[in-house]
Amino acid sequence: MPLYGTLDITEAPARLPTLAHLDTEAWTLPKAEMMQLLIEVPRSSTDGLLPKAMHPALPSYVILAITRYSDSPVGPFNLAMLRLGSRAGAHPRGFLLGAVASTDAAAKELRTRWGLPVEGGEVKFLRRHDRVMGTVKKNGRTILDCALVNPQPVAGTDVQYINWVTAANAPLDGTTQPMLIQVDPKYTFYKAERGTPLVSAFDAAAWNAASIELAEPIVGTCCTVDTDLPRIRFVMDPLKPVFQGTRRIRESRADE
Amino acid sequence: MKFGLFYEISIPRPWTPEKERTVYNNCLEQVKLADELGFDHVWAVEHHFLEEYSHCSAPELFLTACAMVTKRIQVGHGIVVCVPEFNHPIKIAEKTATLDILSGGRLHVGTGRSATWTELGGFRANPDITKKSWDEFVRCLPKMWMQETFSYQGEFWSMPERTILPKPYQKPHPPMWVAVTSPGTEIDAADRGLGSLGLSFAGFEEQEKKIKEYRRRIKSCEPVGAFVNEQVATTNFLYCHEDEKTGVEMGKRLGNTFNYLATQLISTREVFSSPSYQSLGLLPALRRAATGPDANEQQTEGMAYGDPARIIRAVKKWESLGVDCINFILNANEVVPQDQVMASLRLFAKEVMPVFAKKPGAQAAE
């Protein structure tokens with residue numbers, strides 16, 4: 001049967017974000033600009049990064065995402081994320097390895113409401129006609145410098161964003177414990193562009209992915225979307241295959 | 001109704017040389033038996049890099065072996081990937097003609113364009129242009145087979161005048177098909193006079209719509225070849241057992257394993273935003289069905305597993321929708337032991353095939 005991840009997130013729960021409860025209220029995030037760069041990475045460089053419950057994507061790839069949220073309950077902020085392409089059972093997912101938010105308030109709320117492994121830092125999102133650029137600094141040091149080169153218009157229907165999975169501690173059945181949480185934003189597209197990914201600086205260790213080596217660019221997109229961070233619907237046992245260890249804690253939204 | 005076998009050649013880890021050889025030999029043994037039992041076709045896919053799901057990257061070799069150990073069963077490329085980075089069109093014309101000769105005119109040529117990033121990315125093919133290159137290839141192939149000399153200047157490939165040899169055994173040329181997974185490809189098939197080689201496991205309602213549209217459009221087609229190949233084939237799982245419960249349980253296990261492996265593939269749309277891959281092909285239906293490799297969920301309707309009576313009901317339903325041929329997947333990751341696959345084939349041939357071999361009038365008279 002398919003390969004599984006090897007990471008046991010229960011071995012170091014102190015490293016994970018902790019949620020006070022799983023009743024997180026949704027955020028509406030209108031007119032967000034999202035740049036995503038998909039890049040293949042050697043399979044061996046992802047060893048130990050994916051939880052035991054999940055299957056690796058074959059070939060292995062990562063998603064570098066930089067988003068400008070122009071409006072949110074904590075004000076405007078930019079967010080950069082590194083996700084590892086993977087499968088939760090039969091479904092494609094991006095497992096969050098690391099994230100940086102441009103405001104401390106956003107970092108705190110994203111950690112404690114959805115369990116995203118976000119730290120504070122400097123995240124820039126710059127749009128030019130020939131490229132869209134993103135830079136991320138942590139403690140004054142550049143940990144990502146990337147661009148979507150030569151963006152060309154495509155239809156929003158051409159773009160597929162896959163849902164995220166994050167590892168966090170959260171209370172369930174009376175105990176706060178490590179678990180996997182699915183975060184599944186929805187998107188309404190206003191504008192979509194596609195181009196070539198270019199990464200000129202990437203400090204893998206700063207993204208909690210020291211062994212990752214960027215190899216083959218797949219494609220990049222930049223889209224303007226209405227999106228959200230929804231209420232948490234699914235949590236997963238980190239040690240059981242997802243098809244055995246998934247628990248629905250809330251019904252789907254009316255529009256799903 | 002015609003019946004065929006459909007091979008992905010799925011091989012579980014660990015991939016020892018003996019295991020790969022055993023699975024290939026199992027498949028050949030099944031094909032030999034199917035030939036003796038009166039099955040009409042054996043199809044083999046062309047897939048690359050799809051771990052466990054399909055180790056059938058050189059189907060022309062497997063199909064040649066099939067042809068060599070059988071007498072009458074027809075052999076089908078299901079499909080040849082018509083993307084220049086995968087296969088040069090000259091080589092496709094030459095290899096298919098050779099296989100047609102070696103098989104004594106038993107070849108069917110299915111065409112397609114690949115649906116996964118795993119494969120397209122592996123060959124560094126551009127997903128944006130695969131529909132277009134497929135279109136060029138299928139228009140060239142019949143001419144390459146039939147014309148004494150051929151030259152071509154196209155968008156995706158070209159060649160100066162040469163004589164492409166050998167020519168196929170069948171005249172004017174082997175029947176041509178296209179793999180139909182994405183919505184709308186049945187229209188591509190109909191407009192070009194190609195057979196519709198359905199590779200999805202969609203339910204009755206969706207298939208009925210596709211078949212009706214195919215039959216309507218093909219009436220006014222401009223065939224790419226010398227003749228119209230109006231045929232609709234669909235894919236199914238087969239596990240036939242005297243006891244319905246045993247048959248259903250093993251059939252579900254087969255289906256779940258296949259579906260779960262299939263859903264691990266990286267569909268092109270998932271990672272490469274392209275107008276050429278608007279749909280996820282067969283994956284949405286499989287993901288709905290595949291909750292896990294050992295799941296016991298309700299699977300897509302019309303599956304050919306259970307006892308003969310149950311399978312006859314399913315096949316009759318497909319027949320009533322206008323399906324001409326059902327191609328069966330017999331195994332996935334070797335979850336069905338070889339002796340049980342062989343017993344299933346024998347029972348199906350004994351109890352089910354005769355029902356559909358009769359003339360419609362004779363059936364009605366019973």
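Ile79(B) sits in strand 3 (residues 74–81) of chain B. Strands here are DSSP runs of E with at least two residues, helices are runs of H or I with at least four, and both are numbered from the N terminus. This is a predicted model, in which local features need pLDDT of at least 70. Residues are numbered from 1 along each chain as its sequence is written.

| Cis peptide bond | Omega |
|---|---|
| Gly78(B) and Ile79(B) | about 25 degrees |
| Leu165(B) and Pro166(B) | about -5 degrees |

Pro166(B) belongs to the loop between strand 6 (158–162) and strand 7 (176–180) of chain B.

Ile9(B) is not a glycine, yet its phi is positive, about 55 degrees. Its loop runs between strand 1 (2–7) and helix 1 (17–37) of chain B. Ile9(B) counts as buried because it has 20 C-beta neighbours inside 10 Å. Buried means 20 or more other C-beta atoms within 10 Å of a residue's own, exposed means 12 or fewer, and partly exposed lies in between; C-beta atoms are placed from the backbone.

Overall, chain B has 13 helices and 11 strands. Of its 366 residues, 52% count as buried.

The contact with chain A takes 23 residues from chain B and 27 residues from chain A. Residues are in contact if their C-beta atoms, placed from the backbone, lie within 7 Å. Strand 13 of chain A gives the largest share of chain A's side, three residues.

Note on methods
Chains lettered and ligands numbered in written order. Predicted model: local features only at pLDDT ≥ 70, side-chain atom pairs only at ≥ 80, totals over all residues. Contact = placed C-beta atoms within 7 Å.
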